[in-house]
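Work through the exercises below with the model open. Try each task before reading its solution.

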There are 2 protein chains.
Amino acid sequence: MNPLDATRTAARDATRPDPCIGCGGRLTGLCQPLDAAALDDISSESERFAQPARSLLFREGDQASRAFSIGAGIVKLSRLLADGKQQVVGFRFPGDIVGYGASAAYPYDAELLTAGSFCKIERRRLDALLRRYPVMERRLLDMCLAELAATQEQLVTVGRRSAEARVASFLLGLEEAYRRRGAVPDPLPMPMTRSDIGDFLGLTLETVSRTFTAFKKAKWIEEPAHQKLRVLDRETLGDLAEGIVQDL
Amino acid sequence: MNPLDATRTAARDATRPDPCIGCGGRLTGLCQPLDAAALDDISSESERFAQPARSLLFREGDQASRAFSIGAGIVKLSRLLADGKQQVVGFRFPGDIVGYGASAAYPYDAELLTAGSFCKIERRRLDALLRRYPVMERRLLDMCLAELAATQEQLVTVGRRSAEARVASFLLGLEEAYRRRGAVPDPLPMPMTRSDIGDFLGLTLETVSRTFTAFKKAKWIEEPAHQKLRVLDRETLGDLAEGIVQDL
DNA sequence: CGTGCTATTGAGAAAAATCAAACGTGGTGG
DNA sequence: CCACCACGTTTGATTTTTCTCAATAGCACG
């Protein structure tokens, strides 16, 4: 299970006029299991919009009255602590649902790392849809279970692995996140800063930077341009992530 | 959200002859929203049993063909890494569901810290029940969302807090876990070892031990007996957990 | 009454954080 | 269009926290 992306999505045969929640035309999100009639029904309940990079989808503590489905873009979910430190809870990709949780207020900030397009739905309405379409609720449960598994995996990474293992794990996870959604771009877009990555892995930005430098020197990765990544030695990074070897 | 226990349970009016899944007579788990007819239905699908302390409910990698509901006892979920290190993913309490996840194999060991009693159900049958009783599926989704929030909270604790803050957070979380399930026993049973706690918090057992000693010296907690805990200064521990003060 | 865990305590080592400085670079405005 | 500025990144020196290794002590259980 890859902590970077929570939901698993299977490609679907038909290509329908992009209907609604979590479907960037590829029908890969929450609506994936629905039939045409249901999709029409749902379109009327939800609203699409776009936002620029670095803007906030919502803030920690805001009333959690809306859920969002990512059509395009990458979202960072993060909590700010009393002493100013930050923990990134996860990154979310197209097809993922953001903002649907157990509590009445959002438990973290959601910030766009890239420009993005979304589908917004009132929580109340989404709950009604879930009652009406049990396959949709099933799908949401499966997405939630996948996200839980990913978060537990991330807990292992942060709790018990060395700095190099954490960074290796992040890099492979990023690649895996793209793989799950279809073809892997080459090079991979990597819109997160060293600071974002550090806050995700429980490390400082300096440690992340040093580790990137070391990985580049070792030719395990390269950064052909700003915010572009190419994984050159998947094998070694995997061993490093697992702690089978502890190089550097 | 308390990372120690994932599910929130509301007390219920009627006290029925203990029916099935996750109901230690208190009807607090997955079956909480069901009516009498449904409960009868479900009883026939599930099987009860008990196990002694320190035994395994299942092992990481086992075929995940059964889910378990905890009637009594405390369960530790943990992953073993290649280098022998261990990460405790969470502790589970009566009313919680264990072993129902996204993947075909269990992603962690489940070990009883105390003697426990359980309700076992084939995954296939549980899935059928979920289709038959949408309120049950809804309940499972809510439990999953709560568990996700708790795990994210734990990620913050492990990723960004000091050793003392982590231990303080654990102690308050333990108390909160009991509070959620009714009256808080005094003193609190704390069946986990220093090593279990360390593996939960991403610390060594020595660091946990030292921190406990310091907290006892400061009179913020006491251990009136082996594996018994009393929280004496909730206030200070809370400030410490939040990083508002960094004592010691 | 041993014996095997679990816990405590100490000393030293190591990993990562912190503090600090300089460098690139992308974006903005003159 | 170019210069400048803010921000992200890199790199180095030093400090701190926590880990590791080690030895002892306390208990529960057989």
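The exercises that follow treat a predicted model.

**Exercise 1. The surroundings of DNA strand D**

Find how many residues surround DNA strand D, and sort them by class.

*Solution.* Start with the count: 17 residues surround DNA strand D. Next, pick out the closest. These are A:Arg194, A:Ser209, A:Arg210, B:Ala163 and B:Thr207. Then sort by class: three residues are nonpolar, seven are polar and seven are charged. Finally, turn to the DNA side. Take its atoms that come within 4 Å of the protein; sugar and phosphate make up 55% of them.

**Exercise 2. Polar atoms and elements**

*Solution.* Begin with the phosphates. Now the bases. Last, the elements. H6(A) contributes the most, six residues.

**Exercise 3. Two copies**

Work out how chain B is related to chain A, and why the copies meet through the same surface.

*Solution.* Superpose chain B on chain A. This takes a rotation of 180° with 0.0 Å of shift along its axis, and the RMSD is 0.0 Å. The copies are therefore related as by a two-fold rotation axis. Now compare interfaces. Of the interface residues of chain B, 100% are also interface residues in chain A, so the copies meet through the same surface.

How values were computed
Residues numbered from 1 in each chain as written. Chains lettered and ligands numbered in written order. Predicted model: local features only at pLDDT ≥ 70, side-chain atom pairs only at ≥ 80, totals over all residues. Heavy atoms only, no water. Near = heavy atom within 4 Å. Helix = DSSP H or I, 4+ residues; strand = E, 2+ residues; numbered from the N terminus. Nonpolar A, V, L, I, M, F, W, Y, C, P; charged D, E, K, R; others polar. Least-squares fit on C-alpha atoms with pLDDT ≥ 70 in both. Contact = heavy atoms within 4.5 Å.
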